[in-house]
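Reader: I'm new to this one and would like to learn how to read it. Could you walk me through a few features?

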Amino acid sequence: RTQGAGIADRKPDVPVLPSLEESEGEHAVGAPQTIAEFLRNIPVFVGLSPEMLKQIAELASDVSLHRGEWLFREGDPADGVYVVRVGHLEVVQEGSEPQTLNTLTRGAVLGELALLSDSVRSASIRALRDTEVLKIGKAHFDSLLRSEPELALSLTRVLSAQLQASRAIPVARRARPVTIALRALGPAVPLLDLAD
């Protein structure tokens, strides 16, 4: 391509395909997932009643991060608990030589330890790619722990499991990718069927 060529003069590299909703035939249709439905599958919240999950969902707020943006930094006051909805974060120990301690993807809960211990953040969290997280503010989380013993018990179990796992894994490894893109090499490729 030359720089002088206008956008209208160019032929598209990829054939224009209909969306799944516009295409004919039977194709998978994605249904939006509510926050309560999402939380139901997170280990910390497993076992909570639908009413409690709905209450937590109503207290949660959305936080969007761009690649390279910090969620919080080491030494910051603990302002809430976060749950990764979509994206990829890294846990960084800052200092003269920053070190990546772990990476976190969908379903990871972070920041709860600083709230429970009433301490500052022990590490920094940075987005490796555009990421969406749910935040449950400190006051709301404290109130939930007081009113819902099952949440406190579940949190204790999850933290215990994390502590045991951290002793067994000496080196943090990146998680397997959870986002997949498909691109047709030509108009004859049945891309929508492959996607389904």
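**Charges, strands and patches**

Author: Let's start with Glu 90, which is buried, with a relative accessible area of 9%. Buried means under 20% relative accessible area, exposed means over 50%, and partly exposed is in between (1.4 Å probe, protein chains only). Before we go on, this is a predicted model, where local features need pLDDT of at least 70, side-chain atom pairs count only at pLDDT 80 or more, and totals for chains, interfaces and linings use all residues. Residues are numbered from 1 along each chain as its sequence is written, and side-chain values use heavy atoms, with hydrogens and water left out.

Reader: Which side chain meets Glu 90 in a salt bridge?

Author: A salt bridge is a side-chain nitrogen of Lys or Arg within 4 Å of a carboxyl oxygen of Asp or Glu. Here the partner of Glu 90 is Arg 126, at 2.8 Å, N to O. The two are 36 residues apart, with Glu 90 in strand E3 and Arg 126 in strand E6. Arg 126 is partly exposed, at 25%.

Reader: And how do I read the strands around Glu 90?

Author: Helices (H or I, at least four residues) and strands (E, at least two) are DSSP runs, numbered from the N terminus. Two strands pair if DSSP finds at least two bridges between them. In this model, E3 (residues 80-93) and E4 (residues 99-104) run antiparallel, joined by 5 bridges. Glu 90 has Thr 103 in E4 as its bridge partner. The two strands form a hairpin with 5 residues between them, and Gly 95 in the turn has a positive phi of about 155 degrees.

Reader: How many salt bridges does a search of the whole structure find?

Author: The search finds 5. One of them joins Arg 73 and Glu 94 at 2.7 Å, N to O. That pair links distant parts of the chain, 21 residues apart: Arg 73 sits in the loop between E2 (70-72) and E3, and Glu 94 in the loop between E3 and E4. There is also a network of salt bridges linking Asp 79, Arg 121 and Lys 135.

Reader: Is Arg 121 buried or exposed?

Author: Arg 121 counts as buried, at 3% relative accessibility. Its salt-bridge partner Asp 79, 3.0 Å away, N to O, counts as partly exposed at 32%.

Reader: Where is Ile 180?

Author: Ile 180 lies in the loop between helix H5 (149-168) and helix H6 (191-195). At 73% relative accessibility, Ile 180 counts as exposed.
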